[in-house]
Structure formats: C-alpha cells, structure tokens
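Please open the structure in your viewer and keep the selection tool ready.

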Amino acid sequence: MNSFSEKIISWYKINKRDLPWRNTKDAYLIWLSEIILQQTRVEQGMSYYYKFSKTFPTVKHLAKADNEDVMKLWQGLGYYSRARNLHTSAKMITEKHKGKFPKEYKDILLLKGIGEYTAAAIASFAFDKPHAVVDGNVFRVLARVFGIETPIDSTQGKKNFYALANELLDKKHPALHNQAIMEFGAIQCKPVSPDCNSCPLNSMCFAYEKELVSALPVKSKTTKVRNRYFNYIVLKNKGTTSIKKRKEKDIWTNLYDFPLIETDKELTNDAFLESKEWKKFIGKNKYIVKSVSETYKHILSHQKIYAKFWEINCSASLEKIIPSSAIIIKQKDIHKYAVPRLIENYLAVKFKN
Ligand code: SF4
C-alpha cells in the first residue's frame, strides 16, 4: 500500500460517518444510495434512501413498480431523468440478469444512467473489484495533494486524474480505499477553507506547501445559464383544476405542472393580461383573476426560472379552455401527482382547494 492510501485509510477509520449504505454489500442498495447522493447532501439524501429501500426493498420490486409511483417518491430531489433511468435499469437487471445485479464493471456500465464513477463505486463497494472512483471530492483531493493544474472538466484532465486514482488505489482493499478518499474530500479536504493544519496529508500536500489550496482544482468552463419566464395558469371551476404532463426534451419530463404560458421576458401583470398569448389562451371565456403570486425564483443547473402563478376562476367548464395536452382533476387530488419542486412549493403555500 502506498503512503497516500495508508494515510487516508487510517484517517477514515477514525473519522468516517456511520451511513446506512456503508453497512451493506447489497449492490442494489449501494446503487440507490449513489444515485440519490448525486442529487443531494447526505442529510437530505438519507430520508430518500430510507423511503426507496422500504418501498422497493429489492431490484425486482423497483422493476415492477409503476413509473408514476417512482417519480412521486423521487419528488423534491430534482434531475428526474435519474429516477427514470433508475427504473429502466431495474427492469434491465430483472430481464437480462434475472434480477441479480451484474458484478463486472463493464456490465454495470451498460445500465442506463450509470457512468464511470457510479460503476466504479458499485463494483468496488459491493464486489471488491479494483476500480478507482473519481467524483468531485476525489478530483479535489488529488489536484491539491499532487498539484495537478490540468482542468478537471477537460478530456486530458479526466484522463490524468483517472490514471492517477487507479495507480493510487489499494487493489487489495478497493472498497475501503474508495470510501476513504471520498469521505476525506467530503469532510477534511473541503472545497472552501479546509483545516489544513490538522490534516494528516499536509506533509505531502503540494497545494498546502505552495499556498495553492483555494486555486486547486482548476475548472475550464463556466456554465451558461438561461433565464426563463413562466406564467402558470391555475384554473379553477367547481372544485376542479387542470394540470398537464410535461413532454420530453425539456426540464421535468413526465412530471405534472399547470398549463403554462412562457414569455421571453418578465411582464408586468397588466402587460401579461394584454398579451396575445393570454388572449389566445382564454379566448372569449369569462374569468376572474383571483390572485397573482409573487415571482418564484427557481434555480436549476443551467436555467433560472422566474415563475408567476395566476389563479383564475372560470364560470365555464375547464374543458372549453384547457390546451389538449392538459387534463382536469379534482383540486383535492392534486397532491397525488408527481410535480417539480417549484410546483410543490407553490402548492404548499398558496393552493387552497
Ligand atoms: S493539507 Fe489541506 S489541501 Fe492538502 S489535503 Fe489536507 S486539507 Fe486538503
């Protein structure tokens, strides 16, 4: 074992958090935890992990589940494509591998939604296969300790970091080594202001010696963020309302939201009610604007959504107004549908039956 691996493993044995997915060799549960933790911090992820592992205790249970139930359980985590992939892969495992999680890295990698990192995590944690994990924590630790300035989001950078991670991996104890380096990055070598003075690696750490801790790792790209302006139309008539399932090729595929008018800039309330989009939507139907919400700002990785919710009371039946993609439901049933976090926030505060 090299001294880097030796040091992080000793550190890990003393400092590791007791997390439920660390006490199992069940590849399915490890996979669940990994996909959930790509979305959220450990504290929040824990409740999702318990919910999923209780509702779907095995991969076969998940494969048999109704997709709407899986999405509903995932609600609030974001990146809903990950929940869809989880479900698709559970079906693949049941059909192609007779319900047994594949053991080999290359077979795990063929599952939908599983990249190099997750495949290495499952292969090593569940089956002790010698594959090094490289996630954000590992990039940071390696960049700092070994003084690597190649951007972590470049092709060359990824190649270099993967090669180094595999070279350092303790091949006899890959699960322990991988857990240790990830935990070390999460708790000790944190992104901002790590406590380098107490760090067991400081005598061999390039960044610490050269005072480059805040400069490493290096990233080349900055993410372009697109602003979007949503006007949700919350129609109400005799205890009913209308929702629609979102289509593919946009955010929140297959989740439900309200009929939507998207504009290319934020409009004042008066300007919105004068817009041709609104007039086309409402036609000649009589309506009363019961309320307009404040603007909800919702941030995604590549988009900023500015949303207003228009509560509209209609005297006509909603069938006459709603777009063909929408459905009419009882207002009291709205909580049965899987919705994005933005809609969930609105429902929690503003939506009264
Ligand atoms: S000395 Fe500081 S920068 Fe270097 S590994 Fe330790 S915590 Fe990270």
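**A tour by selection**

Begin with Lys238, which is exposed (over 50% relative accessible area, 1.4 Å probe, protein chains only), because its relative accessible area is 78%. This is a predicted model, in which local features need pLDDT of at least 70, side-chain atom pairs count only at pLDDT 80 or more, and totals for chains, interfaces and linings use all residues. Residues are numbered from 1 along each chain as its sequence is written, and side-chain values use heavy atoms, leaving out hydrogens and water.

Lys238 lies in the loop between S1 and strand S2 (240-245); strands are DSSP runs of E with at least two residues, and helices are runs of H or I with at least four, numbered from the N terminus. The phi of Lys238 is near 45°, a positive value in a residue other than glycine. Most residues other than glycine have a negative phi.

Next, select Trp252, in the loop between S2 and strand S3 (256-257). Trp252 also is not a glycine and has a positive phi of about 60°. Is Trp252 buried or exposed? With a relative accessible area of 8%, Trp252 is buried, a term that means under 20%.

Now select Leu216 and Pro217, which are joined by a cis peptide bond with omega about 0°. Most peptide bonds are trans. Pro217 is found in the loop between helix H12 (206-209) and strand S1 (226-237).

The bridge partner of His298 in S7 is Ile305.

How values were computed: Pairing = 2+ DSSP bridges.
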